Amino acid sequence: MWVLAGAAVAVAALGAGAVAWAQGTRPARAAAAPLDDYSGLPHTTVQISVGSCGSGWTSPHTGLQVFDLSGTGAVAADAYLETSAGAVVGEVEGLAPGTTRPIVVRLAAGSYDFQCLPQDDSAVKGPVVRVTGSGGGSPAVVPVTQQDLIPPTLLYQKWVAAQLPGLVRDTETVQAAVDRGDLAAARAAWLPAHLDYERLGAAYGTFGDLDDSINGTTKGLPGGLTDPGFTGFHRLEYGLWHGQSAAALAPVAARLSQDVRSLQTQWKTAQMDPLLLGLRAHEIVENTIQFELTGRTDYGSGSNLATARANLQGTAEALTLLHPLLASRMTTLPQINADMATAEAELTGLGDVPPASLSTTRREQLNADFGQLVDDLAPIAAVCDVRRTS
């Protein structure tokens, strides 16, 4: 549960709580009442349906308060509390008929209305309510549309396309070293090729089955290290750093090169979902914490920290392309940039060593830096979540 300090909280997973973070207010975590226990705050029950959208808000006032949104229609509906400028202060998603869910907001003086968006029906706006009084209000965010996300997504697709020739070239360098039996050269060439791929993290959902083939691990494979489904960079990594022969690794390297070339070909006609870019900006770092900082994807090279740096570079590219959308919606962008720089500096200072070799103090500092960064990046997915407007 989040308590408010001039910030908005919504019970929706991608709701107005993230709005507060986006606008620079970090709510404190509280070990207090259950999520639905707001007995100390004033409550207003508001109907959410096509025929009575916003009904029940008859005594408007400023300050911290709870709106209990009651689904009185025949179908589930989303509902937004908006400012006169159309910025969202609080929301619920999928409010079922006959159910009630709260949103907690702090209202400043101004004009507001509820917008009800029933499933398979047009949006309906409730009456405009004029709120008078003093004090500041919860931050609000203007919704992002599908059309807003298309330009940065197309730019990202072009960026990926520009990176793929380097990935193909570096992967073929590894294969050539394996083919001539120079495994020392293959080990030296493996990391640059792998980092080429890791920088493309925001696109992995668009790579389909090729992602598992190129960069999969043994997770879920019944045969583990010897399973035929274990292919790609990590399979090659295991063999190169565990004494397998060039003859044994030649088909592995050849398959990897073939898959990378297939990726380059398929990417020419790929269509990346615009919703993914904002989501991946957070998920890349989240996955870095889960897999790289723990060493879970180390199959012998000890290169997880180098991979983490490549992941940060991929995140930075996504943030750069999203900046025009986020600049007016997230006052925390300077803090995110500072946290990115801190994480990058920490990794650079540690060097290319296995995470397991770090002292407890250094591991704790690294985890703290990335933990702060992933927290600060989380609202981007909420801000870039496309909301219905009609």
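Predicted model: local features only at pLDDT ≥ 70, side-chain atom pairs only at ≥ 80, totals over all residues.
The buried residues of helix H5 are Gly 232, Phe 233, His 234, Arg 235, Leu 236, Glu 237, Tyr 238, Gly 239 and Leu 240, where buried means under 20% relative accessible area, exposed means over 50% and partly exposed lies in between, with a 1.4 Å probe and protein chains only.

Residues are numbered from 1 along each chain as its sequence is written, and side-chain values use heavy atoms, with hydrogens and water left out.

**Overall layout**

- The protein has 10 helices and 9 strands; helices (H or I, at least four residues) and strands (E, at least two) are DSSP runs, numbered from the N terminus.
- Of its 390 residues, 51% count as buried.
- The C-alpha trace spans about 80 × 45 × 40 Å along its principal axes.
- The protein is divided into domain 1 (2–131) and domain 2 (146–383), with bounds that come from an automatic or database domain assignment.
- The centres of the two domains, taken over C-alpha atoms, are separated by 39 Å.
- Among contacts with a separation of 6 or more, 71% are between residues 24 or more positions apart; contact means heavy atoms within 4.5 Å.

**Strand S3 and its partners**

- S3 pairs with strand S2 (residues 43–48) in the parallel sense over 6 bridges; two strands pair if DSSP finds at least two bridges between them.
- Thr 45 has Asp 68 in S3 as its bridge partner.
- S3 also pairs with strand S6 (residues 100–107), in the antiparallel sense and over 8 bridges.
- The bridge partner of Val 66 in S6 is Val 104.
- In a regular strand the side chains alternate between the two faces of the sheet.

- Tyr 156 is found in helix H2, which runs over residues 146–179.
- Tyr 156 counts as buried because its relative accessibility is 0%.
- Not counting residues up to four places away in sequence, Tyr 156 touches Arg 199, Leu 200, Gly 201, Ala 202, Ala 203, Met 272, Leu 277, Glu 317 and Leu 321.
- Tyr 156 and Gly 71 are 85 residues apart in sequence, and their C-alpha atoms are 40 Å apart in space.
- Val 178 is also placed in helix H2, and it counts as buried because its relative accessibility is 1%.
- Leaving aside neighbours within four places in sequence, Val 178 is in contact with Ala 186, Ala 246, Leu 249, Ala 250 and Ala 253.
- Val 178 and Ala 253 are 75 residues apart along the chain, with 7.2 Å between their C-alpha atoms.

**Arg 309 in helix H8**

- Arg 309 lies in helix H8 (residues 304–326).
- Arg 309 counts as buried because its relative accessible area is 17%.
- Its contacts, leaving aside neighbours within four places in sequence, are Glu 344, Leu 347, Thr 348, Gly 351 and Asp 352.

**The largest pocket**

- About 670 Å³ of space lies in the largest pocket, a volume being the space filled by probe spheres set on grid points that are joined across faces, edges and corners.
- Of the 26 residues that line this pocket, the closest to its centre are Asp 211, Asn 215, Thr 217, Asn 287 and Phe 291.
- On a 1 Å grid over the protein atoms alone, a pocket is an open set of points with protein on both sides within 12 Å along at least five of seven lines, whereas a cavity is a set where a 1.4 Å probe fits but cannot get out; lining residues have an atom within 4 Å of a point.
- Helix H3 (183–198), helix H4 (209–215) and helix H7 (275–292) each supply at least two residues of the lining.
- H7 gives the largest share of the lining, 5 residues.
- The lining divides into 8 nonpolar, 12 polar and 6 charged residues; Ala, Val, Leu, Ile, Met, Phe, Trp, Tyr, Cys and Pro count as nonpolar, Asp, Glu, Lys and Arg as charged, and the others, Gly among them, as polar.

**Asp 120 in a loop**

- Asp 120 is placed in the loop between strand S7 (110–118) and strand S8 (124–125).
- Asp 120 counts as exposed because its relative accessibility is 82%.
- Although it is not a glycine, Asp 120 has a positive phi of about 60 degrees.
- Most residues other than glycine have a negative phi.
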